[in-house]
Amino acid sequence: ITFFATHTPTWEFRYPQLPAVRISLYDGRDTGKIIVECFREPEKYASTNEVIPIVSEQLTMEEICSRVKQFAKKEVRLVELSFEEA
């Protein structure tokens, strides 16, 4: 599942929020490192309400599009949807 419509010449990032909203993100490749940390200190994370910080950055929709454009080498455009359209 993706927020990107990839069947168009320009990828369109369709999202039902204002472009200035920041989204908390983390790199999926770090998930294993997080799990290892939980196993390393089970007494700290197993039965407590301790939160493991996994958010590495908070980006706006425009910043996300810019990052995707860099690695996809394709034009990326933000298309803001109304909640009804979404």
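Colleague: Which residue in strand 5 stands opposite R14?
Modeller: R14 has V79 of strand 5 opposite it. This is a predicted model, in which local features need pLDDT of at least 70 and side-chain atom pairs count only at pLDDT 80 or more, while totals for chains, interfaces and linings use all residues. Residues are numbered from 1 along each chain as its sequence is written, and side-chain values use heavy atoms, with hydrogens and water left out.
Colleague: In what sense do strand 2 and strand 5 pair, and over how many bridges?
Modeller: Strand 2 pairs with strand 5, residues 76-80, in the parallel sense, and five bridges join them; two strands pair if DSSP finds at least two bridges between them.
Colleague: And why is strand 2 largely enclosed?
Modeller: Strand 2 covers residues 11-15, and four of its five residues are buried, so the rest of the structure largely encloses it. Buried means under 20% relative accessible area, exposed means over 50%, and partly exposed lies in between, using a 1.4 Å probe and protein chains only.
Colleague: What about L78, buried or exposed?
Modeller: L78, which lies in strand 5, is buried, with a relative accessible area of 18%.
Colleague: Where does K73 sit?
Modeller: K73 is in the loop between helix 3 and strand 5, where it is exposed at a relative accessible area of 72%. K73 also has a positive phi of about 55°, although it is not a glycine.
Colleague: Stepping back, how many helices and strands does the chain have?
Modeller: There are three helices and five strands, and along the sequence they follow the pattern β-β-β-α-α-β-α-β. Helices (H or I, at least four residues) and strands (E, at least two) are DSSP runs, numbered from the N terminus.
Colleague: What share of the chain is buried?
Modeller: Of the 86 residues in the chain, 24% are buried. As for contacts, meaning heavy atoms within 4.5 Å, residues 24 or more positions apart account for 70% of those with a separation of 6 or more.
Colleague: Changing topic, what volume does the largest pocket have?
Modeller: The largest pocket has a volume of about 230 Å³. On a 1 Å grid over the protein atoms alone, a pocket is an open set of points where a 1.4 Å probe fits, with protein on both sides within 12 Å along at least five of seven lines, and lining residues have an atom within 4 Å of a point. Grid points are joined across faces, edges and corners, and the volume is the space filled by probe spheres set on the points.
Colleague: Which element gives the largest share of the lining?
Modeller: Helix 3 does, with four residues, and both helix 3 (61-72) and strand 4 (57-60) supply at least two residues each. The lining residues include Y26, D27, E57, L59 and F71.
Colleague: And T31, where is that found?
Modeller: T31 is found in helix 1, residues 31-40, and counts as partly exposed at 30% relative accessibility.
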